[in-house]
Amino acid sequence: MHAAVPVRGQLEPVREGIGRLSDHKLLVVEDSPESLQGLLLALNDAGYETTGVGDGREALRVFYEDPPELILMDLMLPGLSGTEICKRVRAVSDMPIIFLSAVDDEAQKIHALTIGADDYVVKGAGIGELLARIKAALRRVRLNRESGSSTHYSDALLQVDFTRQAVTVGGRSVELTPIEFKLLAELVRHEGQPMSSNELLEAVWGAGYETDSLVKWHISRLRRKLSAAMNRPEPGMIVTRRGYGYAYQEQDAA
């Protein structure tokens, strides 16, 4: 087990054109001491306050005792895997989680995003890209907190509580993953207006994703869950507008 390594940095201009960042608190989980130290130094130079640990159980302890604003972690960790940490954090928090892994496999990426990760970066990516993804994840959190005065959406079938991240369809609770909830929230906030795959990728996952297969897959899962809550085919809540994208249609009483 590697002890927690707190590293605090002064605000500095960020290299590689990323810009000036505020001192958000990050938890970095990496079992290679050399890689961990390199990440801490890079993030320190970017103006972040960081705590680094090399063990999954130690990471969870730090999360509970001194919650960060974002977690950056490997998949394969001693003590407790990154996916298990992600599941436990998601049970109590929606803070951004970014996986940084040597595993460059589409199925693994989809699994990580499905259980609640906000992003997945393959090791070997430049530090500029990693900083951009961290900045985008933190920006999404800020924008979500600032977005509009409305905390609820409701029509004849669907009710969404944005604050509690709770969804009911026809009075039945629907359990959604954080990614599925973000997708639904974006669509209902733009009710009746089609959103392209690129717009949804940017809003939910952030910059850097260039494939719409991720959106299609999660939209399909979201539709199935809405259908299951109704015990019948999903009643045209999320429609595909060919050439434009996806839109949420307000539901009328039957």
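Helices α7 and α8 are roughly perpendicular to each other, a label for angles of 65 to 115 degrees (under 35 is roughly parallel, over 145 roughly antiparallel, and the rest oblique). This is a predicted model, in which local features need pLDDT of at least 70 and side-chain atom pairs count only at pLDDT 80 or more, while totals for chains, interfaces and linings use all residues. Residues are numbered from 1 along each chain as its sequence is written, and side-chain values use heavy atoms, leaving out hydrogens and water.

**Two crossing helices**

- Two packed helices are described by the angle between their axes and the distance between the axes.
- For α7 (residues 197-205) and α8 (residues 213-230), the axes come within 9 Å and cross at roughly 80 degrees.
- Here, axes are lines fitted to C-alpha atoms, for helices over the stretch in contact, and angles run from 0 to 180 degrees between N-to-C directions.
- Helices (H or I, at least four residues) and strands (E, at least two) are DSSP runs, numbered from the N terminus.
- On the α7 side, S197, L200, L201 and W205 meet L214, V215 and H218 of α8, where contact means heavy atoms within 4.5 Å.
- Sorted by class, this contact has five nonpolar, two polar and no charged residues (nonpolar: Ala, Val, Leu, Ile, Met, Phe, Trp, Tyr, Cys and Pro; charged: Asp, Glu, Lys and Arg; polar: the others, Gly among them).

- Now look at β5 (residues 49-53), where five of five residues are buried (under 20% relative accessible area; exposed is over 50%, partly exposed in between, with a 1.4 Å probe and protein chains only).
- Both of the faces of β5 are covered, with E49, T51 and V53 on one side and T50 and G52 on the other.
- Strand β4 (residues 25-29) pairs with β5 in the parallel sense over five bridges, and pairing requires at least two bridges found by DSSP.
- One of these links joins L26 to its bridge partner T50 in β5.

- V28 sits in strand β4 and is buried, at 1% relative accessibility.
- Beyond residues up to four places away in sequence, V28 touches L36, L39, L40, L43, T51, G52, V53 and L72.
- From V28 to L70 is 42 residues in sequence and 8.7 Å in space, C-alpha to C-alpha.
- D161 belongs to strand β10 (residues 158-161) and is buried too, with a relative accessible area of 10%.
- Leaving aside neighbours within four places in sequence, D161 is in contact with T151, H152, A166 and F181.
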